[in-house]
Amino acid sequence: AEYESVEDIWDESGFEGIAWDADSDMLYLLTEGVEFEDNDGEEINLALLRTVIFDGTATYMEQQLCAIDFEFESDNKGFEAVNIIEIDGVRYFLALCEGNHCRKSDAGRDAGNGRVVLF
């Protein structure tokens with residue numbers, strides 16, 4: 001995918017978080033759950049992470065797209081934000097779950113049980 005500006009990135013439906021890695025000048029775009037089929041034919045919902053770079057000509061280019069190995073109960077639940085941290089020279093992503101317990105319905109409304117996932 002190509003984007004003319006960061007505003008175009010925000011305007012595309014489904015991006016729940018954007019993180020920027022200053023060392024690599026790379027943007028990371030996080031989406032909510034997307035339906036996949038596992039090896040047993042069961043539907044599962046995984047968030048997607050895209051890497052995007054600026055190509056120097058006023059266009060942002062998507063370089064990679066990968067599914068995050070963390071299942072959600074539905075395709076309208078997922079992560080709400082993403083950030084990059086570094087620990088002992090290794091970069092990790094931190095993502096905030098949309099619902100408490102990383103769940104939907106009643107469990108997702110159980111106050112005080114927010115979750116952050118490290119990957």
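The structure discussed here is a predicted model. Glu62 forms a salt bridge with Arg50, and the closest N and O atoms of this pair are 2.9 Å apart. Because Glu62 lies in strand β6 (residues 60-72) and Arg50 in strand β5 (residues 43-54), the pair ties together parts that are twelve residues apart in sequence. Arg50 is buried, at a relative accessible area of 13%.

**Salt bridges**

Side chains of opposite charge can pair when their charged atoms come close. Over the whole structure, four salt bridges are found. One of them joins the side chains of Asp23 and Arg91, with an N to O distance of 2.2 Å. This pair links distant parts of the chain: Asp23 sits in the loop between β2 (15-21) and β3 (26-31), while Arg91 belongs to strand β8, 68 residues apart. Arg91 also takes part in a salt bridge with Glu86, where the closest N and O atoms are 3.9 Å apart. Asp21, Asp23, Glu86 and Arg91 are linked in a network of salt bridges.

| Residue | Relative accessible area | Class |
|---|---|---|
| Asp23 | 65% | exposed |
| Arg91 | 39% | partly exposed |
| Glu86 | 48% | partly exposed |

**The β7-β8 hairpin**

Strand β7 (residues 79-87) pairs with strand β8 (residues 90-97) in the antiparallel sense, over eight bridges. Within this pairing, Val82 has Ala95 in β8 as its bridge partner. The two strands form a hairpin with two residues between them. Asp88, in the turn, has a positive phi of about 50°.

**Cysteines**

A disulfide is a covalent bond between the sulfur atoms of two cysteines. The model contains one disulfide. It joins Cys97 to Cys102, with an S to S distance of 1.9 Å. Is this disulfide right-handed or left-handed? The torsion about the S-S bond of Cys97 and Cys102 is about 75°, so the disulfide is right-handed.

Both partners fall under the 20% cut-off for buried residues. Cys97 has a relative accessible area of 5%, and Cys102 has one of 11%. Cys66, at 40% relative accessibility, counts as partly exposed. Cys97 is also the residue at which strand β8 (residues 90-97) ends.

Conventions:
Residues numbered from 1 in each chain as written. Predicted model: local features only at pLDDT ≥ 70, side-chain atom pairs only at ≥ 80, totals over all residues. Heavy atoms only, no water. Pairing = 2+ DSSP bridges. Helix = DSSP H or I, 4+ residues; strand = E, 2+ residues; numbered from the N terminus. Disulfide = S-S within 2.5 Å. Buried < 20%, exposed > 50% of the residue type's maximum accessible area, 1.4 Å probe, protein only.
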